[in-house]
Amino acid sequence: QVQLVESGGGLVQAGASLRLSCAASGRTFPLDTMAWFRQRPGEERKFVAASTRGGSNTFYSESMKGRFTMSRENAGNTVNLQMNDLTSEETAVYYCASFAGVCTATSCRDRSLYKNWGRGTQVTVSS
């Protein structure tokens, strides 16, 4: 059974950085697409970034390009999200997700593709 466990959330001031991690277990993850989504209070869960099979491609939400960097390590079983220059608008619960397949820059944003989800980690940015 697939398990995804996020860590690294916390309370920071605007302009600060945070690094989130997601540890995956249960099967071979280098071949999976892994992604980060976030959900602000009262809003739908939205796409942040995705790393496709084998890390061959990485896609970002437009508003995060240049500030957020997603990476894989530990033979693909861990994904990280380095977030820089955070704003209060980015206060949310951040979720790690995965599925056994590939996607494009457009389709990776579709949360219905992702079959496995972590429980999320809270990021709070104070202004």
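Student: Which members of the largest nonpolar core touch the most other members?
Tutor: Bear in mind that this is a predicted model, where local features need pLDDT of at least 70 and side-chain atom pairs 80 or more, while totals for chains, interfaces and linings use all residues. Residues are numbered from 1 along each chain as its sequence is written, and side-chain values use heavy atoms, with no hydrogens or water. A nonpolar core is a set of buried Ala, Val, Leu, Ile, Met, Phe, Trp, Tyr and Cys residues joined through side-chain atoms within 4.5 Å, buried being under 20% relative accessible area, exposed over 50% and partly exposed in between (1.4 Å probe, protein chains only). This core has 24 residues, and the ones touching the most others are Trp-36, Leu-81, Met-83 and Tyr-94.

Student: Which element gives the largest share of this core?
Tutor: Strands here are DSSP runs of E, at least two residues, and helices are H or I runs of at least four, numbered from the N terminus. Elements giving two or more residues include β4 (33-39), β8 (78-83) and β9 (92-99). The largest share, 4 residues, comes from β3.

Student: Is Leu-18 buried or exposed?
Tutor: Leu-18 lies in strand β3 and, counting contact as heavy atoms within 4.5 Å, it touches Leu-81, Met-83 and Val-123, among others beyond four places in sequence. Its relative accessibility is 13%, so Leu-18 counts as buried.

Student: Where in the chain do Cys-22 and Cys-96 sit, in which strands?
Tutor: The two form a disulfide (sulfur atoms within 2.5 Å), with an S to S distance of 2.1 Å. Both cysteines are buried. They are 74 residues apart, with Cys-22 in strand β3 and Cys-96 in strand β9.

Student: What is the handedness of the disulfide of Cys-103 and Cys-108?
Tutor: Those sulfur atoms are 1.8 Å apart, and both residues are buried. The link of Cys-22 and Cys-96, at -80° about the S-S bond, is left-handed. For Cys-103 and Cys-108 the torsion is about 80°, so that disulfide is right-handed.
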